[in-house]
Amino acid sequence: MSPSRNPALAMAALDDQVLAIPEGAAPPWWGRAIACTASVTALGFALMAWTVYRGIGVWGNTSPVFWAFDIINFVFWVGIGHAGTLISAILLLFRQGWRDAIARFAEAMTIFAVICAGIFPLLHVGRPWLAFWLFPYPNQRDLWPNFRSPLVWDVFAVGTYFTVSLLFWYVGLVPDLASLRERARPGWRRGLYTLLSLGWRGSATQWAAFGKAYVLLAGLATALVISVHSVVSFDFAVSIVPGWHMTLFPPYFVVGAIFAGFAMVILVLSVAREALGLQAILTWDHLDAMAKVVLGMSCLMGYAYLMEGFTAWYAQDAHLARAFGNAVTGQYGWTGILTLACNVAVPQLLWRRAWRRSYRVLLPVALAVTVGMWFERFVIIVVNLHQDYLPSSSRPYVPTWVDLGILAGSFGLFFTLVLLFVRFLPIVATSELKARGDHA
Amino acid sequence: MREAPPLLRTPPGPPQPPLTHPWGACGLFEDPGALVEAARRLRGRGPLEAYAPHEVHGLQEALGRKAPPLAAMVLGMAILGAAAGFMLAWWTTAIGYPLKVGGKPEGSWVPLLPVVFEVTVLFAAGTAALGMLFVLCGLPAFGHPMLATRAMTAITRDRYALSLEGDPGACAQALREAGATGVEAVHLACHAPKPMITLAAAGAGAALAGLLAFTLVKAYPELRPMVRMERQPRVGPQAPSRFFADGRAMRLPVAGTVARGHMPSGATTEAEAQHHLNPLVPTPAVLAEGRAAFTERCAVCHGALGDGRGSLGRAYGAAPADLHTDRLRSVPDGHLWWVIRKGRNAMPGHEADLEGTRVWALVHYVRALQRSRHALDSDLPEGNP
Amino acid sequence: MKRPSTIRALALPACAALGALGSLGAWRADPPRFWGAWITAFLFLQTLMLGCLFQPALEHLVGARWSVPLRRVPERLGTLAWPLLPASLLTLGALGPLYPGWPGTGGKAAWMSPGAMAFRVALAALLCALSARILGPRSGSPAGRSRFAPAFMAIFALVLTQAAYDWVGGITPAWYSDLLGVYLAAGSFLAGFAATTLGTLRLRGQGRLPGLGADHLHNLGAWMFAFTAFWGYIAYAHYLLMWYGNLPDEAGWYRLRLEGGWLQISQALALLRFGLPFALLLPRAAKSDARRLAWAAGLLLGGHLLDMAWLILPSIGLPLRLGWMEVSVGLFMGSMALGWWARADRMGADLPEGDPALAQGLAFRL
């Protein structure tokens, strides 16, 4: 920080830039955008309602592909969420200063992605109003969930993940909500911000406890985020389905989640910084750092694919070899090739610094990774399931338009929530940037 | 850099004497260094608190305070969470509801660890967040006197402040001497803060909505689509069907179907039956079953000893067979089996009443009765006088 | 003044000679037992060396500053790759007695043949030596190191995977697990950070690292703490999946390690590599306390040695023993490594004085 600059003035400028977004009138593009996303969301919810009313027979799921779009989308969205936790927690512990400007946005994306993810297991159980049966509570039927089932682990893992992400996000928001409260004119917004900021007054006692809690939450969230996607991987790996029972799955799933999540953060943040004029706060350095993470994760994914292919050969097991053959040849071969191309080949473009700092390369790469990671889960779930040990029970899987509509609806929901967040809450953690003192 | 807009909040009007009473004073500082310096100077002059738009390192030390005990709280709750998670998962799998799945030992710790870990993190993170907000920070505190000051707007923006509790005039003087600007008196309001009432109303509303939803689900389990799974499209007994050629929904079993638990018998004539061997081994359990069947079905005519002198025969002058005759002792087991099932003379067939292998158990018991009248020395238990 | 230094100068060669003699005897007397001990010691040193080289590579890759002042310690430890080059060629002697190969003539038989394995081992050793040369204390251009860092990450992954599949998995060729490379890497991180911690504490004790504060130590402690948790995670995930799948050709590997005396050793391993260091390093203050750090690092290094024995010996069908054969091999390998360390300790300046980031690194505060 140069001595000539007045820090107080810079802090005020930061507030005026970031906190003014929720205060001003909605920009014209915002209304158009949310109309688009909300109508896609409405379509998705209508199809979900249809699914609940008619039963999951309206989906393409069939024997032996009992898990299809519902579980693919669940794994996909949970994975998207992990980048947010990684940015806000792990990078905080590593004292990577560049995370401060993007952490709030990424945390919000985590919460929205987990909301999207949570919908799918709920629909998957078929009778969502009885989903509470998954929780262990004394009941008159004297039934208890099976704690050795990874599906029950999922309930605990995703439930804890959502709760802790929400707490982490909210704790960080409280001081900024207090700033909004002080800036707001009397009216419903002021009332809302007053309520949400709980009467925060920024006293030394409060800041000391806040700082301590933030570091502790970061440490806990780091361990949590690794455990959550590992538990998701256990859904597959504890079974003995060829292609699922791989010991590499837990770390491989975690890496894949971070990979897809960072790509999504790049996509959304690029649009947000242009639309909201935040180029000075969310700089190319941030996008460059995230592109490097994507590249690193892409290399780790390459290692994982290499190990899986090698192991399928090394095991000398006919079923395992068949499962991996199905992934790259035959009816679904194109999905495996697409996965490899999008996840390993395309991100190698990011080795060049100039390309990491150009929307023309960065955005297509991030989009490719998003597509590739969705198809990776398709390969893992559908391609491995459609042919099992018995040749007689092989059956191809074709999604219905309901499947596709609900997938589109989940994207609509995600972007609707992002747009609402951008409009009503501070999208940059101003109090953290103020503490760093090198903003603006 | 844009011009900072004027402060949006209007300063509070003059304090109303019956509604507020004096609390202290507060004043502003330009930068964290001045704040820490002033905090050191004013320490011990009364209850002192510092305010900042972000965490200022060294401020707690300047105020003479220790670090908050959050880490210890979190550790304690983490241990509690681990114990609770383990007890819940272990009790359920090992004691409360043991399930045999995949040949795994019921009380094994291995598959419980994910749940234990998640519950531990939930307890620890919940303590870190809620313990910080509600215990260490003393929130929600909508009625705190500092919230009604002009300084609060500046604090949450870019200024640093100190507040001193006590007589407002004296406190303001002390703050001014320590270098504060914009010093103002702080008053405590004497009515309940509005947000608290809103929060209580929201809580009550949520509880009411939950109760309503619960009642609806409990009271109307038959609402479509929430019907029970037993209510599904199906055909009733003897209903017509357009699907099958004969127009009936109910179907007969495919020819040659064998029901579970029913041993098929190849014998269709008495002559064939003679060659059937008794498939059962005469264990005490089988003999007990045979005795039960005999007492239930046979003894009333043939007599409890099988000598043909049952109570029914005597009452009606009938002559049931004596099972101890040489003829009946020498016939093969298959003959007895056929006669018991199909009947003979006045004796009805018992096929419909004696299911499965009970007939064969009965045959064993009849053989035991016959043996009892023609016992050999070797049948006696050894060692008895 | 002269005599003690002469004794000290002679002690290491004497130990090495004694160890070499004993090792030779062991090799003649009981080849499987000798090679079991030898591979344990070899893998211990190789993974430790890789874990040490990983640290400067990571620093160059992410542009870390805090670790610049203590970078010489892992750089010097990483030069162990040089003496390990001949050692890995010697280790090829174990191929006959311990590594059965794959029957038949297919691709896997060729892959597991002694020739192919020797090629991979030699290639891995060469790549390690090359990495130690480029990342080592005497290397010149900083730009070259930064450029080499991503390549080293690939080398790190491939060499550890090769060690996992060849040296560990090769003893039981029908058994496979694609997590084993990651498991070995987790142990390698731990061993590397533990060795760096001990080395840093020693140099600091000798006053050779002026300006190195408690905050630097705290970061070392935090890394060890993080990687004990990572090791626990990987070890548990590996065990859970095999336990749950319960497939005869997989679970047998763990069954060997949960029966007889190995059960207690498996439990001790969980304590040494995860339980005790985790508890020891959990409080914030402990992470910058030199005594506690030394204890944790010592436990972790002991645990790493035990871990390597745990990976190798049960598959051969040997119990854990500490007889004259094991002592001889340990004496030989240990004194060779310490002898090399005595040489490496003087390579380059104690602080990387030419590094432009040194001032920033020394100024690092939490």
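This is a predicted model: local features need pLDDT of at least 70, side-chain atom pairs count only at pLDDT 80 or more; totals for chains, interfaces and linings use all residues.
## The sheet of chain B and its surroundings

In strand E4 of chain B, the residue that bridges to B:Gly24 is B:Val186.

An open sheet of 4 strands is formed in chain B, with the order E2-E3-E1-E4 and antiparallel pairing. Its edge strands are E2 and E4, the latter covering residues 181-189 of chain B, and each of these two pairs on one side only. With direction ignored, neighbouring strands of this sheet are turned by 25° against each other on average. The strand pairs and the bridges that join them are listed in the table.

| Strand pair (chain B) | Bridges | Sense |
|---|---|---|
| E1(B) and E4(B) | 7 bridges | antiparallel |
| E1(B), residues 20-29, and E3(B) | 6 bridges | antiparallel |
| E2(B), residues 48-51, and E3(B) | 4 bridges | antiparallel |

How many of the 6 residues of strand E3 of chain B are buried? The strand, which comprises residues 160-165, is mostly covered, since 5 of its 6 residues are buried.

Taken along the principal axes, the C-alpha atoms of chain B fill a box of roughly 130 × 70 × 45 Å, and 35% of the 385 residues of the chain count as buried.

Chain C presents another picture, with a secondary structure that comes to 15 helices and 0 strands. Its radius of gyration of 21 Å is close to the 21 Å that the globule rule gives for 366 residues, so chain C is as compact as a globular protein of that length. The C-alpha trace of chain C spans about 60 × 50 × 40 Å along its principal axes, and buried residues account for 57% of the 366 residues in this chain.

Two packed helices are described by the angle between their axes and the distance between the axes. In chain A, the axes of helix H4 (residues 69-93) and helix H5 (residues 99-124) come within 7 Å and cross at roughly 155°. Angles over 145 degrees count as roughly antiparallel, and H4(A) and H5(A) are therefore roughly antiparallel to each other. The crossing in which H4(A) passes H5(A) is left-handed. As for the composition of this contact, the residues of H4(A) and H5(A) that take part in it divide into 16 nonpolar, 7 polar and 3 charged.

Elsewhere in chain A, helix H14 (residues 359-385) includes A:Val365. Is A:Val365 buried or exposed? With a relative accessible area of 3%, A:Val365 is buried, because a residue counts as buried when this value is under 20%. The C-alpha atom of A:Val365 is separated by 9.9 Å from that of A:Ile266, although the two residues are 99 residues apart along the chain.

Note on methods
Residues are numbered from 1 along each chain as its sequence is written. Chains are lettered from A and ligands numbered from 1 in the order in which they are written. Side-chain values use heavy atoms; hydrogens and water are left out. Axes are lines fitted to C-alpha atoms, for helices over the stretch in contact, and angles run from 0 to 180 degrees between N-to-C directions. Angles under 35 degrees count as roughly parallel, over 145 as roughly antiparallel, 65 to 115 as roughly perpendicular and the rest as oblique. A crossing is left-handed if the near helix is turned anticlockwise from the far one by less than a right angle, and right-handed if clockwise. Ala, Val, Leu, Ile, Met, Phe, Trp, Tyr, Cys and Pro count as nonpolar, Asp, Glu, Lys and Arg as charged, and the others, Gly among them, as polar. Buried means under 20% relative accessible area, exposed over 50%, partly exposed in between (1.4 Å probe, protein chains only). Two strands pair if DSSP finds at least two bridges between them. The radius of gyration is taken over C-alpha atoms; the globule rule is 2.2 Å times the number of residues to the power 0.38.
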